[in-house]
Amino acid sequence: MNIRWTFCCCVIFSLAGCSGSGNSELIRQAVNGRGAYDARKIQGGLIISKGKKDVATIHTAAPVLEEWGFANGGNSIVTKSRASHGPATLELWDCATGTMSDKIMAFAVKDRQPSWAADYAE
């Protein structure tokens, strides 16, 4: 199950039914009983933490992080970013290391492939 978050007018709406507000919004996704990763939005990226320890900082391809969510059972994060206008870039990140494992332009997602990017396609 993917959890998807959309940032709009400084309010976060979850497709799962939760909501919150503010740039320091923190969300949690269980990871196979090993604990949980948290992520909080920063300018142009996210800080990923596990418990009280920050494990990685990711910086998206473009400065405006529009949407993001956990994927692959909470082991990965998908980000959708763009400049003030123009095409959006989708990136898949490993939560444990903060390394990018895949990248595609949002307009290039066809027939819901790759599957990790399907919910963020344009």
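**View 1. V78 in strand β9 of the predicted model.** In this predicted model, V78 has its place in strand β9, a strand that covers residues 76-82. With a relative accessible area of 1%, V78 counts as buried, because buried residues are those under 20%.

**View 2. The surroundings of V78.** When its neighbours within four places in sequence are left aside, V78 is in contact with E67, W68, G69 and A71, and also with E91, L92, W116 and Y120. D94 lies 16 residues away from V78 along the chain, and the C-alpha atoms of these two residues are separated by 9.1 Å.

**View 3. The pairing of strands β5 and β6.** Strand β5, made of residues 36-42, and strand β6, made of residues 45-50, pair in the antiparallel sense, and six bridges connect them.

View 4. Of the 122 residues in the protein, 43% are buried, while the protein exposes about 6500 Å², of which carbon and sulfur atoms supply 55%. Among contacts between residues at least 6 apart in sequence, 31% join residues that are at least 24 apart.

Methods: Residues numbered from 1 in each chain as written. Predicted model: local features only at pLDDT ≥ 70, side-chain atom pairs only at ≥ 80, totals over all residues. Heavy atoms only, no water. Buried < 20%, exposed > 50% of the residue type's maximum accessible area, 1.4 Å probe, protein only. Contact = heavy atoms within 4.5 Å. Areas by Shrake-Rupley, 256 points an atom, 1.4 Å probe, with all protein chains shown as cover. Helix = DSSP H or I, 4+ residues; strand = E, 2+ residues; numbered from the N terminus. Pairing = 2+ DSSP bridges.
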